[in-house]
Amino acid sequence: MNRPFRPLMALSCLLLAGCWQSNGSLYGKVDTVTPFRAGAITQTGGKQAAQNFDLTLAADGSYRMIGSDKGTDDFGEGFILRFIALAGLPANVYEYEAVSLSHCGQKSGCDPVKPDDPRYYGLIRTTLDGADEIRPDCKEDAAITTPAGIKEDDGVCTFQSRLVLDNSLLALAASGKKAEHLYRFH
């Protein structure tokens, strides 16, 4: 990782709780699933106060989740999300790939996403009224990543291989780790 970007990445990973990431997508044009309707959602859990987002579904099967709390630092910031049905996960659990979006509150729209922008990964379990998120953490989940040769670097675990990431996410799902972040539709 380039040294000038480490503080920014560390801040992003604080928000994403010791993230598992790749530099650019490991999934390219993989088929995605669309388990959610568009609408207003509220995130609770973790160390942050409740946050509100607008979730929209794009024609390519990705979602945009943009902060909707006016007057806050997170207003107009968010993520493009893709959900992937990974073989071996329970029927209501999906892998997610997220890429940060910024400045979405401006007239010109969000800043463009670059092919090599970091992608963040974890698991989503659908519920009747939303989803529960299981965010991997580099330090807490080192028993899963260390045997695969993935080492924590400034709070980040960077994956180079889709196969290693898939196997790590399957191990995370089997670990019994509890969801810390909850998303509910209004």
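## A helical salt bridge

Arg162 is partly exposed, with a relative accessible area of 36%, and in this predicted model its side chain forms a salt bridge with Asp166, the closest N and O atoms being 3.8 Å apart. Asp166 counts as buried, at 11% relative accessibility, so this pair brings together a partly exposed Arg162 and a buried Asp166. Both residues belong to helix H3, where they stand 4 residues apart and are therefore separated by about one helical turn.

## The chain as a whole

The secondary structure of the chain comes to 3 helices and 11 strands, and these elements follow one another along the sequence in the pattern α-β-β-β-β-β-β-β-β-α-β-β-α-β. For 186 residues, a compact globule would have a radius of gyration near 16 Å, and the chain agrees with this because its own value is 16 Å. Taken along the principal axes, the C-alpha atoms fill a box of roughly 45 × 40 × 35 Å.

Buried residues make up 44% of the 186 residues in the chain, while the accessible surface comes to about 10000 Å², of which 56% belongs to carbon and sulfur atoms. Of the contacts in the chain with a separation of 6 or more, 62% are accounted for by residues 24 or more positions apart.

## Salt bridges across the sequence

The structure holds 8 salt bridges, among them the pair of Arg184 and Asp129, whose closest N and O atoms are 3.3 Å apart. This pair links distant parts of the chain, with Arg184 in strand S11 (residues 181-185) and Asp129 in the loop between S7 and strand S8 (130-134), 55 residues apart. Arg184 counts as partly exposed at 23% relative accessibility, and Asp129 likewise counts as partly exposed, at 40%. These two residues also take part in a network of salt bridges in which Arg125, Asp129, Asp132 and Arg184 are linked.

Another of the salt bridges joins the side chains of Asp141 and Lys177, with a distance of 2.8 Å from N to O. Asp141 lies in the loop between S8 and helix H2 (142-145), whereas Lys177 lies in the loop between helix H3 (162-174) and S11, so the pair ties together parts that are 36 residues apart in sequence. With a relative accessibility of 8%, Asp141 counts as buried.

## Aromatic pairs

The count of aromatic pairs comes to 5. One of them is formed by Tyr27 and Tyr121, which are tilted, with 5.8 Å from centre to centre and 55° between the planes. Because Tyr27 lies in the loop between strand S1 (20-23) and strand S2 (39-45) and Tyr121 in strand S7 (residues 118-127), the pair ties together parts that are 94 residues apart in sequence. Tyr27 and Tyr121 are both buried.

Phe36 and Phe83 form an aromatic pair that is edge-to-face, with 5.3 Å from centre to centre and 70° between the planes. Phe36 is found in the loop between S1 and S2, and Phe83 in strand S5 (residues 78-84), so that distant parts of the chain, 47 residues apart, are linked by this pair. Phe36 counts as buried at 12% relative accessibility, and Phe83 is buried with a relative accessible area of 4%. Together with Tyr63, Phe36 and Phe83 form one aromatic cluster.

## The end of the chain

Which residue has its charged end over the ring of Phe185? The residue is Arg37, whose charged end sits 4.1 Å from the centre of that ring. Arg37 is also among the residues touched by His186, which, not counting residues up to four places away in sequence, are Arg37, Ala40, Ile41, Thr42 and Asn52.

His186 lies in the segment after S11 and is exposed, with a relative accessible area of 61%. Although His186 and Ala174 are 12 residues apart in sequence, their C-alpha atoms are 30 Å apart in space.

Notes: Residues numbered from 1 in each chain as written. Predicted model: local features only at pLDDT ≥ 70, side-chain atom pairs only at ≥ 80, totals over all residues. Heavy atoms only, no water. Phe/Tyr/Trp six-rings, centres within 6.5 Å; stacked < 30°, edge-to-face > 60°. Helix = DSSP H or I, 4+ residues; strand = E, 2+ residues; numbered from the N terminus. Buried < 20%, exposed > 50% of the residue type's maximum accessible area, 1.4 Å probe, protein only. Lys NZ or Arg CZ within 6 Å of the ring centre and 35° of its normal. Rg over C-alpha atoms; globule rule 2.2 N^0.38 Å. Contact = heavy atoms within 4.5 Å. Areas by Shrake-Rupley, 256 points an atom, 1.4 Å probe, with all protein chains shown as cover. Salt bridge = Lys/Arg side-chain N within 4 Å of Asp/Glu carboxyl O.
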